[in-house]
Amino acid sequence: MISTTRGSSAAAAMVLHADPEVDAVFCGSDQIAAGFVEAARERGRRIPEDIAVVGYDNWEVLAAESRPPLTTIDPNLEVLGRTAAQHLFAAIDGRATPGVHRMPVQLVIRDST
């Protein structure tokens, strides 16, 4: 998994080389998305006119301050963490809650799409 802006820039270079006509990407984090935006711009691609970029996690310090500000998925990490901890404590107390637990997310539309 690519977790740094520099690593995502290298991955962006590979994507843009493999498919020069790509017009949208979804990145696994806002940090990766910011690196992709940087690499795409270095190759003359305009965001969002030539390629739309969406991140994930709504790390607001990064997403809102990027140029352009990143469209991102907000998984509401505070609620997610609290819910995970509640399930963990329930399991420790012998009240496990097996199965799939879905958490809502929100699309935060900014200027990268």
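Helices (H or I, at least four residues) and strands (E, at least two) are DSSP runs, and they are numbered from the N terminus. With that in hand, let us walk through the structure together. The model is predicted, so local features need pLDDT of at least 70 and side-chain atom pairs count only at pLDDT 80 or more, while totals for chains, interfaces and linings use all residues. Residues are numbered from 1 along each chain as its sequence is written, and side-chain values use heavy atoms, with hydrogens and water left out.

Start with the overall plan. The protein chain has 4 helices and 4 strands, and from the N terminus on they follow the order α-β-α-β-α-β-α-β. The radius of gyration of the chain (taken over C-alpha atoms) is 17 Å, well over the 13 Å that the globule rule gives for 113 residues, so the chain is more spread out than a compact globule. That rule is 2.2 Å times the number of residues to the power 0.38. Along the principal axes, the C-alpha atoms fill a box of roughly 55 × 25 × 20 Å.

Next, consider what is inside and what is outside. A residue is called buried under 20% relative accessible area, exposed over 50%, and partly exposed in between (1.4 Å probe, protein chains only). Of the 113 residues in the protein chain, 37% are buried. The accessible surface of the chain comes to about 7,200 Å², and 58% of that belongs to carbon and sulfur atoms. Such areas come from the Shrake-Rupley method with a 1.4 Å probe; for residues, only the protein chains shown count as cover.

Now look at how the strands line up. Two strands are said to pair if DSSP finds at least two bridges between them. Strand 2 (residues 52-56) pairs with strand 3 in the parallel sense, over 3 bridges. Strand 3 also pairs with strand 4 (residues 106-108), here in the antiparallel sense and again over 3 bridges.

Leucine 70 lies in the loop between helix 3 (60-63) and strand 3 (71-74), and it is buried, with a relative accessible area of 0%. Contact means heavy atoms within 4.5 Å. Leaving out residues up to four places away in sequence, leucine 70 touches Asp30, Ala33, Ala34, Val37, Val53, Ala63, Val108, Arg110 and Ser112. For the chain as a whole, 68% of the contacts between residues at least 6 apart in sequence join residues at least 24 apart.

Another cis peptide bond joins isoleucine 47 and proline 48, with omega at about 5 degrees; proline 48 sits in the loop between helix 2 (30-42) and strand 2. Asparagine 58 has a positive phi of about 50 degrees although it is not a glycine. Asparagine 58 belongs to the loop between strand 2 and helix 3 and is buried, with a relative accessible area of 13%. Asparagine 76 likewise has a positive phi of about 50 degrees without being a glycine. Its place is the loop between strand 3 and helix 4, where asparagine 76 is partly exposed at 38% relative accessible area.

Finally, turn to the charged side chains. Side chains of opposite charge can pair when their charged atoms come close. A salt bridge is a side-chain nitrogen of Lys or Arg within 4 Å of a carboxyl oxygen of Asp or Glu, and the structure holds 4 of them. One of these joins arginine 46 and aspartate 50 (2.9 Å, N to O). Arginine 82 forms another with glutamate 78, their closest N and O atoms being 3.7 Å apart. Being 4 residues apart in helix 4, arginine 82 and glutamate 78 are separated by about one helical turn. Arginine 82 is partly exposed, with a relative accessible area of 42%, whereas glutamate 78 is exposed at 60%. Helix 4 (residues 77-92) is also the place of leucine 88, a partly exposed residue with a relative accessible area of 49%.
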